[in-house]
Structures are given as structure tokens and as C-alpha cells.
Amino acid sequence: MVCKHCLSKPVIYFPINSTQLCKSCFFRYLESKVKKTISKYKLIEPKDHIVVAISGGKDSLTTLSFINKIANKQRTIKITAVLIDEGISNYRSKTIVDAKKFCKKNKITLKVYSFKKEFGFTLDQMIIKLKMKPCTICGVLRRYLLNTKSQLLNANKLATGHNLEDESQSVIMNQFRNNVEISARMGPITGVIINKKFIRRIKPLYLCTEKEIGLFAFLNGFISGYHECPYAEQSYRQDVKDMLNNFDEKYPGTKYSIIQSFLEILPLLKNKYKSNIRLKYCISCGEPTSKEECQACQLIKKLK
Amino acid sequence: MARVYIDKEDRIITIAAGTVRELLQKLKIPSNTVIVTRNDEIIIETEKLNQKDNLKIIYVVSGG
Ligand code: SF4
Ligand SMILES: [Zn+2]
Ligand SMILES: [Zn+2]
């Protein structure tokens, strides 16, 4: 078995068409896929200031490495890496090491904001205090910090490491639970430019599989080992993820098809739910919200 | 019998399998969730395995 382009030793096998690629052809393939996504959906434009949300995991460091490469060529693009330290002992402390190492090596500005410093408690402490599911608290407060800090840094875009798997899981979850309106707010780029409070979110790895990203990170030595959040639970998403992985194993290309057909209908969905998006601002912090007071402020109040 | 280290579980097993694909099937691990190495070099699903191979299964799906 050899690479389909150059006859070298392969590092990845694609069951969808029974072909394989060697390391350098795989790097070229992945970079071209990410670049195509970026240009097709206009994710990055000259003079952008992009905050790249990183956790120290494979997805976010791969995202950062591609965006950094682009910014090094197009000097009007500015990037800042932002890491949210939730305060999860035995987990985040390990991935932070990988994140810092990466940014130092590539001379990228890294800002670290912690739950402890911003809200007074670590996530570990909040869970005991609030008696709520860890991922709910974690997700709400992390999103809040990413948005407010991006504004503070004067960024106009926020890049995340979301990949084909995350997105196809969300599409299926929203179908299964009859939540298509939520799907209308998804896609490779989200948010509209109305004012400074709306940072557009971009997902350069939108069409990349976890295997491709994991392999890229492994071959580049981005990550030091397997780290899993101790709170990652057997959730609905996890069940959908296992189901899709097993199904995709049996019928290669399934996840890709889910996303391709989703992208086909996305403009129609966006159009249909356009008028439903009423913009309100949180009475406590002024951030955009769908309720009177945003979820983050409600949580922060409970902590006091 | 190959010696296989599974990073997610941090354990070593010994198992007989003809190819990487067969190995993953025996362990019920979807091949789209892991990469497999032999002497720290990546091998793909179709690769034949030898007796006494030292393998690693590295998870690429993450939690959190
Ligand atoms: S698994 Fe839950 S608690 Fe852990 S980092 Fe992810 S969202 Fe936060
Ligand atoms: Zn090649
Ligand atoms: Zn608020």
C-alpha cells in the first residue's frame, strides 16, 4: 500500500474511496481543504483581528496553526490566542502546558482568563456551590468570557476548533429533538455584523474529520498525550457521537453527507427564521441575549 | 500475539490479529476514532501485523 500521489509510505486511509496518503501529501490535502473552506465562506478577510479560542487540544491548536500561517503571509491580519482556564484540576492544567508551548514556539500572543479571577471561583468550586451540571456552567461562562474578552481586545472575529463531527452531531441532535431553529444559527460562519457586540464566529475546520485533525496534531507534535475532562459525561451528544462514528465506520462518508446536505438547506433555514431573531440586551451586562438577563449573569448572581 | 498499548485506557493488552483493521474490529474501536502506530510510526488500516509487534492505539476523539 502506497500514497495515491507519490508512492511513499501512507499515514492515512480514506475508506470512502479506498485511497491513502503519505505525510506530505496529507498535509497538502488538509491545508488545501481548510483554505477552500476559508475562501468559500469568506471566513477571513484582510484587516481582520481574529481571536482564536484555544484549549490546548488538537482541534484548537490545529485551527491556530492554520490561521497563524495565513496571518504570517497577510500582514494586515492580526491574531490573538485566548485560553479560558475554567479551573478543572488534573485536566486544564495539562492542556494549558501544550497551549503555552505552541504559542511561545510560534510567537503568538496568548491571553489566559480564568473563572477564578473573573468570577471568584474555579469550575470545580462552582459545581459544589451551584449543584448544576458541570458542562452547563462551563459552556455558558466560557462563551461569555470569549465574547466579552474578544470585544475588549477589539477583535472582529472569533475562531473556534469546531469540526465536521461537532457540526454533524449538532445537526442530528437538532433534528432528533425538533430544534431546527437552532440549526438555522449554525454554519461555518455565524453572527451578523450589527455592532461591536456581535463578534462573528468562524470555524475553519468545518469540513475536517477528527481523525484528520488528530493525525495532523500528532504528526506536528502539538499535543502531549490523551487528556479527557473528568466531567465529560455520557450525554445526549456523546450518544449521538458514538452512533455517528459507528454508522460512518459501516457507511463511510455519512458525516460528510450530513454536512453537505445541511449546507444546501442552510440558506433556506436562515431565511425562514430571520424574523425570529429579536435582539435584546442583558439588563445586567449589556451583552446580546434572548431573555431579559443573560444566562451568564444569572449564574454569576447565584454564585454571590 | 501483538502487544498493544491503548492510550485512553492507559493499559497494555496482547492480542492476535492479521491486520490493523482486524485488530480494531476485535477491540470494537471504530477506525475513524484512533490512529495506530508501530514503533512510533503510523500504520494504516490495511497494514499487516507481525508476531511480537509493539503497537499503540492513540485516540483522536476528545472529550471536553
Ligand atoms: S466536558 Fe464539560 S466541563 Fe469539561 S471542558 Fe467540556 S464543557 Fe467544560
Ligand atoms: Zn504522497
Ligand atoms: Zn448579562
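Predicted model: local features only at pLDDT ≥ 70, side-chain atom pairs only at ≥ 80, totals over all residues.
Four donors count as tetrahedral if all angles between them lie between 85 and 135 degrees. The four donor atoms around the zinc ion (ligand 2) subtend angles of 99 to 119°, so the arrangement is tetrahedral. The atoms in question are the SG atoms of Cys3(A), Cys6(A), Cys22(A) and Cys25(A), which coordinate the ion at 2.3 to 2.4 Å. Read along the sequence, these donor residues show the spacing C-x2-C-x15-C-x2-C. Cys3(A) belongs to the segment before β1 (10-14) of chain A, while Cys22(A) sits in strand β2 (residues 19-22) of chain A, so this pair ties together parts that are 19 residues apart in sequence. Both Cys3(A) and Cys22(A) are buried.

A further zinc ion (ligand 3) is held by the SG atoms of Cys282(A), Cys285(A), Cys294(A) and Cys297(A), its protein donors, which lie 2.2 to 2.3 Å from it. Here the four donor atoms subtend angles of 106 to 114°, and the arrangement is therefore tetrahedral. The spacing of these donors along the chain is C-x2-C-x8-C-x2-C. How exposed are the cysteines of this site? Cys285(A) has a relative accessibility of 24% and so counts as partly exposed, whereas Cys294(A), with a relative accessible area of 7%, is buried.

Turning to the helices of chain A, helix α7 (residues 164-176) packs against two others that can be described side by side. With helix α11 (residues 254-272) of chain A, α7(A) makes an angle of about 65°, and the two axes are 9 Å apart. That angle makes α7(A) roughly perpendicular to α11(A), and α7(A) passes α11(A) in a left-handed crossing. With helix α10 (residues 236-250) of chain A, α7(A) packs at an angle of about 110°, the axes being 10 Å apart. These two helices, α7(A) and α10(A), are therefore roughly perpendicular to each other as well. In this case the crossing is right-handed.

Nine of its 11 residues are buried, so α9(A) is largely enclosed by the rest of the structure. After α9(A) comes Gly221(A), which has a positive phi, near 65°.

Most residues other than glycine have a negative phi, so the following two positions deserve a look. Lys107(A) has a phi near 55°, a positive value in a residue other than glycine. This lysine, Lys107(A), lies in the loop between α3 (92-105) and β5 (110-114) of chain A, and its relative accessibility of 76% means that it counts as exposed. In chain B, Asp10(B) has a positive phi of about 50° although it is not a glycine. Asp10(B) is found in the loop between β1 and β2 (11-15) of chain B, where, at 56% relative accessibility, it counts as exposed.

Two buried strand residues complete the picture, one from each chain. Leu158(A) lies in strand β6 (residues 157-159) of chain A and, at 0% relative accessibility, counts as buried. Between Leu158(A) and Ile79(A) there are 9.7 Å in space, C-alpha to C-alpha, although they are 79 residues apart in sequence. In chain B, Ile6(B) is part of strand β1 (residues 2-6) and is buried, with a relative accessible area of 2%. Ile6(B) and Tyr59(B) are separated by 53 residues in sequence and by 8.1 Å in space, C-alpha to C-alpha.

Finally, a word on confidence. The predictor gives the complex an ipTM of 0.94 and a pTM of 0.94. Chain B has an average pLDDT of 91, and 95% of its residues score at least 70.

Notes: Residues numbered from 1 in each chain as written. Chains lettered and ligands numbered in written order. Heavy atoms only, no water. Buried < 20%, exposed > 50% of the residue type's maximum accessible area, 1.4 Å probe, protein only. Helix = DSSP H or I, 4+ residues; strand = E, 2+ residues; numbered from the N terminus. pLDDT = per-residue confidence, 0-100. Donors = N, O, S within 2.8 Å, 3.2 Å for Na, K, Ca; no water. Tetrahedral: all angles 85-135°; square planar, octahedral: opposite > 155°, others 65-115°. Axes fitted to C-alpha atoms, helices over the stretch in contact; angles between N-to-C directions. Parallel < 35°, antiparallel > 145°, perpendicular 65-115°, else oblique. Left-handed = near helix turned anticlockwise from the far one by under 90°.
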